[in-house]
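Biologist: I'd like to learn how to read a fold like this one, feature by feature. Could we take it slowly and start with the helices?

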Amino acid sequence: ANTITALKPNTAVQKAPRGMQHPNGDVLDMANTFKNAGGKHIQIYVPDYYALWFYEFTGTDYYLDILRMQAEECIKAGIAEDAVWVLYNEPNENWVGEYHDDQGNKVSGWNSLYWFWKDMVEELREVYRENGITAPPKTAGLNLAVYNEGVMRDYMTFCKNHDCLPDIISWHDLSTWQYNIFDREYNHYRSLEKSLGIEPREIVI
């Protein structure tokens, strides 16, 4: 018997394929059990490929290679349409470092994360197309450690303008003070959707 069926699971958060961040919980090992229990979304933390916390980021080119490998593994396992790609986990403005926009101009800070987000979404779409997956890949973001109104506003504005909106909105509330202001965070995010003309997204905390 599947012991988690009674919980009526919706979302699981799992280590990425071949990841080294945790000793267990690889999405390739648990996906079928979760799906058979009625689970809907399997969030895959892409940077959990790295062994250390905070992640020993090794550059954007290598990270795109990691992302492609993980997507191909999930496609082979038959879970491409169940996967929700969490491209960043608790990022800060310096995580990517200097990057470039679509004209080759240098960008930095949060702007570098936004432009790299776009390139990662496009990489996922390409991998899915190459492997005959007609459904577009699903993403979740921005997965901040602490909800930041300005960052979320800029991120959602960027994503709408560049056709790379996340399907699921995620951030972390890990402390009591964050729980106490969740209603403010929630209302701010929903107001962003309305002001930008974005269809309401599922929120996963």
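**Reading the features**

Biologist: At what angle do α3 and helix α4 pack, and how far apart are their axes?

Modeller: Two packed helices are described by the angle between their axes and the distance between those axes. Here α3 and helix α4 (residues 149-161) pack at about 35 degrees, and their axes are 10 Å apart. The axes are lines fitted to C-alpha atoms, for helices over the stretch in contact, and the angle, from 0 to 180 degrees, is taken between N-to-C directions. Trp-110, Tyr-114, Trp-115, Trp-117 and Lys-118 of α3 make the contact with Val-151, Asp-154, Tyr-155, Phe-158 and Cys-159 of α4, where contact means heavy atoms within 4.5 Å. Helices (H or I, at least four residues) and strands (E, at least two) are DSSP runs, numbered from the N terminus.

Modeller: Do keep in mind that this is a predicted model, in which local features need pLDDT of at least 70 and side-chain atom pairs count only at pLDDT 80 or more, while totals for chains, interfaces and linings use all residues. Residues are numbered from 1 along each chain as its sequence is written, and side-chain values use heavy atoms, leaving out hydrogens and water.

Biologist: Which residues of the largest nonpolar core touch the most other members?

Modeller: In soluble globular proteins, nonpolar side chains tend to be buried together. In this model the largest core has 64 residues, and those touching the most other members are Tyr-63, Trp-85, Leu-87, Tyr-88, Phe-116, Met-152 and Tyr-189. Helix α3 (residues 110-130) gives the most to this core, with ten residues. Such a core is a set of buried Ala, Val, Leu, Ile, Met, Phe, Trp, Tyr and Cys residues joined through side-chain atoms within 4.5 Å. Buried means under 20% relative accessible area, exposed over 50%, and partly exposed in between (1.4 Å probe, protein chains only).

Biologist: With which side chain does the side chain of Tyr-49 make a polar contact?

Modeller: With that of Tyr-62, at 3.0 Å. A polar contact is a pair of N or O atoms within 3.5 Å; within protein, one must be able to donate a hydrogen and the other to accept it, and residues adjacent in sequence count only if both atoms are side-chain atoms. Tyr-49 sits in the loop between β2 (41-45) and α2, and its relative accessible area of 16% makes it buried.

Biologist: Buried or exposed: which is Asp-163?

Modeller: Asp-163 is exposed, because its relative accessible area is 55%. Its phi is positive, near 55 degrees, and its place is in the loop between α4 and β7 (168-171).
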